[in-house]
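Hi,

Here is the structure I promised to send over. Have a look at it first, and my notes follow below.

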Amino acid sequence: MSADPKTAQTMRALRKPARGVHALVLERVPTPRPRPGWVVLDVRLAGICGTDLHIVADEFASWPPVTLGHEFTGTIRELGDGVAGWTVGQRVVCEPHSLACGRCHLCRRGLAHLCSEKRSPGWGIDGGFAEQVTVPADLLHRVPETVDDVAAGLVEPLSIVITAFERTPVPPGGTVLVLGPGPIGILAALTATAVGAGQVVLVGRPSSAGRLALAADLGVEVWDSSRCDVPDTAYARTGGRGMDLVVETSGAAEAIAEGIGALRRQGRMCVLGVPGPEPIRVPWGLAMNRAADIAFSLSSSWSSWDAALALLARGAFDPRPLASVFALTEWEQAFAATRTRAVVKAMLDPTDNTTPSKAVTPVAPPT
Ligand SMILES: [Zn+2]
Ligand SMILES: [Zn+2]
């Protein structure tokens, strides 16, 4: 049981204790107080992301001791001095772009999400794998009534997808190939369909068979890349033209090469997949042959958050089948399921509303 939320002076938080490779620790820490311009949220749900696995492995910069969790939704519990336009009890999501400087050339272009001084909840400052989190009020977005908590918990990855489509728009009636059936890939396929693509295909490997099956259940056309030549099939399925837009979410060399091969001439490729530390061989000559436009997209723009909430509010698609909710106390199970791809998107619930294990719907047996 958690302490009485009205009087609690401490709370449970899942933390990285020190620099280096360390097991996370679920421990009691003081509840946060809001500084001027910030708010404190009661966390409702917080998603586990591939980045969290990299933070645990010390492959992604972090400032421990720090509470993990950068994808969360909750309700406003307390307002700091000077916060206007928000009230206690409102349901919100929060851009993770805290401590962006506001003065650099990127911030001044409206690209605070790319500011080198930004320190996000979950790696730079304490994040959402806790009962409460404190964040700047100007990074909040209000969750509409019609968007429930699980859908709201998916707004951060959906914003990542929409930011990519701000760079490389989905061609109305056009053809879109998405590589990699993780949460970002499935959300990209659902979004491309919802915003007017003519044909959308999601490609994955047999190791992600469960995720491909889930995407197929949601109405997405899926290809197993071990069973077809992806570029040949893409050309065959588009009357010999090739794909208008390829969205690369896997970070894998083989998939990147397949994506370039599948492009039509002067087609566009948007890269979201984070590769490993080793350099990747890219078929540069093939990209030249395709006269390809290749863009890379990092993080999420301010405008993408309201766009994500607007899509969900109008019921453009239902992302909730992607989520499997675990109690915060089951964090080890949730991280293991993320690591083995047994679920698409694990979410932690620090409120104890989730019956342990009952809400878990694995999409594939752990491998
Ligand atoms: Zn993330
Ligand atoms: Zn800046």
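Let's start with a strand pair: E1 and E2 (residues 25-30) run antiparallel to each other and share six bridges. Strands here are DSSP runs (E, at least two residues), numbered from the N terminus, and two of them pair if DSSP finds at least two bridges between them. E1 also pairs with E4 (residues 66-67), again antiparallel, over two bridges. Arg-15 faces Val-25 in E2 and Thr-67 in E4. E1 itself (residues 10-16) is mostly covered, with six of its seven residues buried; buried means under 20% relative accessible area (1.4 Å probe, protein chains only).

Before going on, a word on the source: this is a predicted model, where local features need pLDDT of at least 70 and side-chain atom pairs count only at pLDDT 80 or more, while totals for chains, interfaces and linings use all residues. Residues are numbered from 1 along each chain as its sequence is written, chains are lettered from A and ligands numbered from 1 in the order in which they are written, and side-chain values use heavy atoms, leaving out hydrogens and water.

Now the metal. The zinc ion (ligand 2) is held by the SG atoms of Cys-101, Cys-104, Cys-107 and Cys-115, at 2.3 to 2.4 Å; donors are N, O and S atoms within 2.8 Å of the metal (3.2 Å for Na, K and Ca). Their spacing in sequence is C-x2-C-x2-C-x7-C. Cys-107 and Cys-115 are both buried.

Overall, 53% of the 367 residues of the chain count as buried.

Cheers

Notes. Buried < 20%, exposed > 50% of the residue type's maximum accessible area, 1.4 Å probe, protein only. Helix = DSSP H or I, 4+ residues; strand = E, 2+ residues; numbered from the N terminus.
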